[in-house]
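Student: I have a structure to get through today. Can we start with the terms and then go strand by strand?

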Amino acid sequence: QVQLVESGGNSVQAGGSLRLSCAASIIYGRYCMAWFRQAPGKEREGVGVMYLIDGSTGYGDSVKGRFTISRDNAKNTLYLQMNTLKPEDTAMYYCAAEPCPWGDNVQALAPHEYRYWGQGTQVTVAS
């Protein structure tokens, strides 16, 4: 059973930065770990994914060039560095994990593919 705990959410001004953390109980090489977000009244959206087997990453179109995923293997922690934040980035952010035989980011960024989820951390960006 994989357990995930997010932290780092906060309220910031537009243009600011935040770094979210996701501490995992177990990280295996063949897992994907991903960040999703969900704003009130909207569907859950894939933000970015890391393929742990080689550290490669993929991102949703709305965050490309602004958000970066990284990891600290010693701490079993995944990070989401968010720069140039916009009000439309306001959402609850979730970390998720799943063994991933997938070969494309579309599948890796689909919420229904993941069984293991954290409780979420709130990000609010003020204009």
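Tutor: Two strands pair if DSSP finds at least two bridges between them. Keep in mind that this model is predicted.

Student: Ok. How many bridges are there between β3 and β8, and in which sense do they pair?
Tutor: Strand β3, residues 18-24, pairs with β8 over six bridges, in the antiparallel sense. One of the residues involved is C22, whose bridge partner in β8 is L78.

Student: And what joins β7 to β8?
Tutor: Six bridges, again with the strands antiparallel; β7 covers residues 67-72. Here R71 has L78 as its bridge partner in β8.

Student: What sits between β7 and β8 in the hairpin?
Tutor: Four residues lie between those strands, and in this hairpin N76 takes a positive phi near 50°.

Student: Is β8 mostly covered or mostly open?
Tutor: Mostly covered: β8 spans residues 77-82, and five of its six residues are buried.

Student: New topic. Where is D89?
Tutor: D89 is in the loop between β8 and β9, the latter being residues 91-99.

Student: Why does D89 count as buried?
Tutor: Because its relative accessibility is 0%, and buried means under 20%.

Student: What does its side chain reach?
Tutor: The side chain of D89 reaches the backbone nitrogen of K86 at 2.8 Å.

Student: Which residues is D89 in contact with, leaving aside neighbours within four places in sequence?
Tutor: With those neighbours left aside, D89 is in contact with R37, R66, F67, T84, V123 and V125.

Notes: Residues are numbered from 1 along each chain as its sequence is written. This is a predicted model: local features need pLDDT of at least 70, side-chain atom pairs count only at pLDDT 80 or more; totals for chains, interfaces and linings use all residues. Side-chain values use heavy atoms; hydrogens and water are left out. Buried means under 20% relative accessible area, exposed over 50%, partly exposed in between (1.4 Å probe, protein chains only). Helices (H or I, at least four residues) and strands (E, at least two) are DSSP runs, numbered from the N terminus. A polar contact is a pair of N or O atoms within 3.5 Å; within protein, one must be able to donate a hydrogen and the other to accept it, and residues adjacent in sequence count only if both atoms are side-chain atoms. Contact means heavy atoms within 4.5 Å.
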